[in-house]
Amino acid sequence: MSTASIARNPQPVSTSSTNSVDLLILGAGWTYTFLMPLLHHHKISYQATTRDGRRIPGLAKGTFPFTFDPASDDAAPYGTLPSAGAVLIVFPLKGRGQSTRLVEMYNNVHKEEAGRRRWIQLGSTGVWKGEGWLDRHSPIDLSSERAVAEEELLTLVGKNACILNLAGLWGGERNPRNWVSRVAKTKEDVQRKGALHLLHGEDIARAIVGCLEKWEGVGAGRWIVCDLRTWDWWDLILGWDGGKKDGELGEGRNPEYGKWVLELMEEQEVRALPRGREMLGRCLDGREFWKKVGTVPQRTLLQCYTRLGSC
């Protein structure tokens, strides 16, 4: 958020629920490990929840124990949370009613900023189906329970809502090389693989902070957030030979993968990889979001090739 839109509190934040913070993170997990250092760098005060209230880096006094129960009318769990100028919902909300329940229960307890409180929901680019190029204006799949809940949030708080639909998440322990043997066990599986879209944890953090700082450009919007690249699964599979196993580079490499890719290239008359976009199926255009927040993603699989496989 711009300094004009929220009151900064750069001082260390205690776990007392009487403190107001810039950002409340509902569900501190993998994303938090990348977000925390950037919040400190930008002097954005924050607090976070976990299911058990455990201590995590950056919050030595502990997190707030909180589990969202969409069927409960009990306001007590919300009363223990701090008031915040913005709330980041990391866990998925599903179907009708959950977004309304969460927002209204929290706002009814923390009324002081309710009218201008901002809500960021992390979602998935899986809500877009179809072939060819898709952007944030393309129709979404409203049979998806997550999409329904996201639309409800946008309708409920309008310009104070922002949906970040994230591409495939990687970074830290999440290494795309390890995905190959899970998603493609046979030649037929490899044949069906088209485009892969990714987003590193560090760029998720940049996206969230970008929203806070440039809200006027992203509020009331649903955004595709990816690394601005479309990867060809065949190209990656050929380069990785099925990836690696048990964290050891080279172990678990399957020479059959390379053979399958070559056979498929012959069968489908693909002269070289990567394949053309017309053969990759669904391709995502994420340019608009990064233009709005005034930055670009900085982590890419290309860096893996220059770090001896370390992503």
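**Close-ups from a predicted model**

**View 1. Ala220 is partly exposed, with a relative accessible area of 46%.** This alanine turns up in the loop between helix 8 (215-218) and strand 11 (221-225). Check its backbone while you're here: phi of Ala220 is near 65 degrees, a positive value in a residue that isn't glycine. For context, most residues other than glycine have a negative phi. As with the other views, keep in mind that the model is predicted.

**View 2. Leu228 is another non-glycine residue with a positive phi, at about 70 degrees.** You'll find Leu228 in the loop that links strand 11 to strand 12 (231-232). Is Leu228 buried, exposed or partly exposed? Its relative accessibility comes to 39%, so Leu228 counts as partly exposed.

**View 3. A cis peptide bond joins Leu273 and Pro274.** Pro274 belongs to the loop between helix 10 (255-267) and strand 13 (282-284).

**View 4. Helix 3 covers residues 98-109.** From the first C-alpha to the last, the 12 residues of helix 3 reach 17 Å, close to the 16 Å expected at 1.5 Å a residue. Which residues of helix 3 are buried? They are Gln98, Ser99, Leu102, Val103, Met105, Tyr106 and Asn107. And what do these buried residues pack against? Their partners include strand 1 (20-26), strand 4 (83-89) and strand 5 (118-124), along with helix 2 (76-79) and helix 4 (145-157).

Technical notes
Residues numbered from 1 in each chain as written. Predicted model: local features only at pLDDT ≥ 70, side-chain atom pairs only at ≥ 80, totals over all residues. Heavy atoms only, no water. Helix = DSSP H or I, 4+ residues; strand = E, 2+ residues; numbered from the N terminus. Expected span 1.5 Å × (residues − 1). Buried < 20%, exposed > 50% of the residue type's maximum accessible area, 1.4 Å probe, protein only. Contact = heavy atoms within 4.5 Å.
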